[in-house]
Amino acid sequence: MDNKQIAKQMVQFNKTAFDSSFNTLTMVYEQNEKMLETFLGQATGLPEEGKKAIKDWMSAYGSGCKDFKKLVDDSYAKVDEFFDKD
């Protein structure tokens, strides 16, 4: 097995590990989001501006995670292109 093939397999392993970790973090985020929505629905003492701010924060976090995932996927695609050249 040549060095290029070994490096390609290492990158693929890292991508798989990243995807697995990211999916786990996404599941945790989704559960926390559901829990927070339940809490906000029952929090009568919290003003509506506060509830809106928290919901906006959660939305921004979710879209930030999606953007980050897209960037990482694009970067791995570029690395794959590099290894496929020859």
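Setting aside neighbours within four places in sequence, D19 is in contact with K69 and D73, in what is a predicted model. D19 itself belongs to helix α1, which covers residues 3-42. With a relative accessible area of 19%, D19 counts as buried, because the cut-off for that class is under 20%.

When contacts between residues at least 6 apart in sequence are considered, 74% of them join residues that are at least 24 apart.

The overall dimensions come next. Along the principal axes, the C-alpha trace of the protein spans about 65 × 15 × 10 Å. The radius of gyration of the protein is 20 Å, whereas a compact globule of 86 residues would have a value near 12 Å.

The surface can be read alongside these dimensions. Of the 86 residues of the protein, 17% count as buried, and D19 is one of the residues in that class. The protein exposes about 6,800 Å², and 60% of this area is supplied by carbon and sulfur atoms.

Finally, how far apart are the mean positions of the positive and negative charges of the protein? The protein carries 12 positive and 15 negative charges, and their mean positions are 1 Å apart.

Technical notes. Residues numbered from 1 in each chain as written. Predicted model: local features only at pLDDT ≥ 70, side-chain atom pairs only at ≥ 80, totals over all residues. Heavy atoms only, no water. Rg over C-alpha atoms; globule rule 2.2 N^0.38 Å. Buried < 20%, exposed > 50% of the residue type's maximum accessible area, 1.4 Å probe, protein only. Contact = heavy atoms within 4.5 Å. Areas by Shrake-Rupley, 256 points an atom, 1.4 Å probe, with all protein chains shown as cover. Lys, Arg positive; Asp, Glu negative; His and termini not counted. Charge placed at Lys NZ, Arg CZ, Asp CG, Glu CD. Helix = DSSP H or I, 4+ residues; strand = E, 2+ residues; numbered from the N terminus.
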